[in-house]
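Hi,

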Amino acid sequence: MIKAIPAFPLLAFAAIGRLVVGLLAMVGRVTKFALTTIVRAVTPPYYPARLFAQIMEIGWFSLPVVGLTAIFTGSALAQQIYTGGSRFNASSTVPAIVVFGMVRELGPVLVGLMVAGRVASAMAAELGTMRVTEQLDALATLRTDSYRYLIAPRLVAAVLALPVMVLIANSIGIMGGYLLSIYKLGFNPASYLATTRQFLEWDDIRMAVVKAAVFGFIIALMGCYNGLHTRGGAAGVGKATTDAVVSSFVLILFSDLVITIVAFG
Amino acid sequence: MATGMTPKIKLTDVVKRFGEKCVLDGVNLSVEPGESVAIIGGSGTGKSVTLKCILALLIPDSGSIEIDGQEIVGARSSEIARIRAKFGMLFQGGALFDSMPVWRNVTFGLTQGRMREPARMRHIAEENLERVGLGRDILNLRPNELSGGMQKRVALARAIAPRPEIIFFDEPTTGLDPIRADMINDLITSLVKDLGVTALTITHDMSSARKIADRVAMLYNGRIIWHGPRDRLYDSGNPYVDQFVQGRADGPIR
Ligand SMILES: Nc1ncnc2c1ncn2[C@@H]1O[C@H](COP(=O)(O)OP(=O)(O)OP(=O)(O)O)[C@@H](O)[C@H]1O
Ligand SMILES: [Mg+2]
């Protein structure tokens, strides 16, 4: 006699299966979207003015928030290491860990997250509104390809702008650590700078730039994908915005881990 | 209807579903070059969906749609882009670009959003706005600074500015006062008569349908249940059409 299969594990398996299938389908759709955008981005017509506008929007207008984040984090980092590491040779560990921490990890991740919060949400909201008010349809009837006109400039701008912003954030963060160390912790400026220079490596800077470009890609991709695929009215736009921010946060942190492991593992 | 000519637009057994809901259930319609056809039908019967299918903004589940004899269902995106160049479309909700001023909206079909020849473009915008009864004072305003009826007319100006061969009007006179509405009727009539444009207009306004259309088609339950010359609209002999054009609550349409 065949024993009846208990219903609960079966249901659980089915649920997990659906989740995995759904996730894979999603990855497939996003990948197709990304490839379409890249192909359209490299073939004419191009929209240089749109690209410039997006660089301003993503890069320039994010600088204040990125700068503030960096200076606070760099200073706090210096204080933490000083307090926690004073048993060791603090005068060399503080500048070294500020440099490592900012360049390798905090600079790219914090810039990525701040810009994701500011930009991915704005992209999703703008494109989502255009979708639900039929502006995207109107664009198509006016002989304009929304991938080339709307998506490609955002994607390219984010990939170009993020590395520059991360370099700026790293510099500001290191400067924040320097200022706190000199004026509050009583470090010697010359030797602090010398140690900083000693621990600042090209490989780390290069990795920060790579991470930043990847994060920029993720931010624009998630913002645009969720915006373009908005369904329903105002509530749909709200959901697209939330999804864009949450998914870019998760993907930024995940890809940061992957890149770090690949580079140092 | 002339025979032997390739129809400008030809829909054959077009089916469109959204999930379980079958909105278009085998639509057959053909529009000759230079003809003006009005589509009437209840709210939510799929009139706007029909236009979007013809523009390949929605993809039918089955059936065929030919523009000048060229099939667009399943066509490549480059091919679709080429065919779309023949169309102008007035969306039901206007669908103006709220990030740009009126004059750039109106000339978008010519500039594709680029800032080229601004002086000439403003002039073209002014001309087209004049045709829909709007003045130059709104050129620099944003769409959200306009009234609903003004937005509709700006959208109309945007649809006609590139001088397309085929124009779709999705409820062009809804939300307009009677005088403006009649002005739009005259505009559509003159586009068809003087410029040889092929027009497909969705309308709930029977007097407008009789004025602008050579032929009227009625969409009901996912199909074109009746079509005929505009003079027959009030003696079609079709109980559905009768009920609809007379606006009676009792009849075969529940
Ligand atoms: N993108 C969509 N997704 C799901 N359903 C849709 C979509 N677009 C339209 N529908 C459905 O298709 C049906 C027909 O819609 P359509 O907009 O064509 O109506 P209509 O005939 O233009 O009505 P109205 O006169 O009120 O404008 C509606 O029931 C609508 O809910
Ligand atoms: Mg409609």
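Which residues do ring pairs link into a cluster? They are A:Y47, A:Y149, B:F97 and B:F108. Please keep in mind that this is a predicted model.

Over all chains, the structure holds 11 aromatic pairs. One of them joins A:Y47 and A:Y149 edge-to-face, with 5.1 Å centre to centre and 85° between the planes. This pair links distant parts of chain A, with the two residues 102 residues apart. A:Y47 sits in the loop between helix 1 (7-42) and helix 2 (48-58), while A:Y149 belongs to helix 6 (residues 146-183). Both A:Y47 and A:Y149 are buried. The ring of A:Y149 also has a charge over it: the charged end of A:R50 lies 4.4 Å from the ring centre.

The ring centres of B:Y220 and B:Y240 are 4.9 Å apart and the planes meet at 40°. Why does this pair count as tilted? Planes under 30 degrees apart would be stacked and those over 60 edge-to-face, with the rest tilted, so at 40° the pair is tilted. B:Y220 is in strand 9 (residues 215-220) and B:Y240 in helix 9 (residues 239-246), so the pair ties together parts of chain B that are 20 residues apart in sequence. B:Y220 is buried, at 11% relative accessible area, whereas B:Y240 is partly exposed, at 29%.

One last item from chain B: the charged end of B:R122 sits over the ring of B:W103, 5.3 Å from its centre.

Best wishes

Note on methods: Residues numbered from 1 in each chain as written. Chains lettered and ligands numbered in written order. Predicted model: local features only at pLDDT ≥ 70, side-chain atom pairs only at ≥ 80, totals over all residues. Heavy atoms only, no water. Phe/Tyr/Trp six-rings, centres within 6.5 Å; stacked < 30°, edge-to-face > 60°. Helix = DSSP H or I, 4+ residues; strand = E, 2+ residues; numbered from the N terminus. Buried < 20%, exposed > 50% of the residue type's maximum accessible area, 1.4 Å probe, protein only. Lys NZ or Arg CZ within 6 Å of the ring centre and 35° of its normal.
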